[in-house]
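Morning, everyone. I have one structure to go through, and I will keep it short. Please have a look at it first.

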Amino acid sequence: ATHLHMYALRVAANPHKYDRFGQTYLRLRTKGGRIALHAVKRQLVRVAFALLRNKETYVSSQEAP
């Protein structure tokens with residue numbers, strides 16, 4: 001749980017660096033920072049579970065620097 005929170009904080013600090021996770025954060029931060037962080041964490045769990053279930057690798061839609 002701590003790793004998810006730390007990753008969500010990284011997304012919050014620089015949302016334009018993270019593709020769909022950053023978009024989720026930017027869309028929901030007007031409702032509150034805590035709500036946006038929890039949404040990012042939920043999205044991370046859903047993506048991770050889908051990747052493990054389908055035995056795929058994650059491909060970002062943006063190049064990480």
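One term before I start: a residue counts as buried under 20% relative accessible area, as exposed over 50%, and as partly exposed in between. By that rule Y7, at 27% relative accessibility, is partly exposed. Keep in mind that this is a predicted model.

Now the overall picture. The chain has three helices and zero strands, so the order along the sequence reads α-α-α. For 65 residues, a compact globule would have a radius of gyration near 11 Å, and the chain has 12 Å, which agrees. Buried residues account for 29% of the 65. The chain exposes about 5000 Å², with 56% of that supplied by carbon and sulfur atoms.

Next, helix α2, residues 19-28. Its buried residues are D19, F21, G22, T24, Y25 and L28. What covers them includes α1, residues 2-13, and α3, residues 33-54.

Which aromatic residues form one cluster? They are Y7, Y18, F21 and Y58. The whole structure holds three aromatic pairs. In one of them, the ring centres of Y7 and F21 are 6.2 Å apart with the planes at 90°, so that pair is edge-to-face. Y7 sits in helix α1 and F21 in helix α2, 14 residues apart. F21 itself is buried, at 4% relative accessibility.

F21 also pairs with Y58: the centres are 6.2 Å apart and the planes are at 35°, so this pair is tilted. Y58 lies in the segment after α3, so the pair ties together parts 37 residues apart in sequence. Y58 is partly exposed, with a relative accessible area of 32%.

That is it from me.

Definitions and conventions. Residues numbered from 1 in each chain as written. Predicted model: local features only at pLDDT ≥ 70, side-chain atom pairs only at ≥ 80, totals over all residues. Heavy atoms only, no water. Helix = DSSP H or I, 4+ residues; strand = E, 2+ residues; numbered from the N terminus. Rg over C-alpha atoms; globule rule 2.2 N^0.38 Å. Buried < 20%, exposed > 50% of the residue type's maximum accessible area, 1.4 Å probe, protein only. Areas by Shrake-Rupley, 256 points an atom, 1.4 Å probe, with all protein chains shown as cover. Contact = heavy atoms within 4.5 Å. Phe/Tyr/Trp six-rings, centres within 6.5 Å; stacked < 30°, edge-to-face > 60°.
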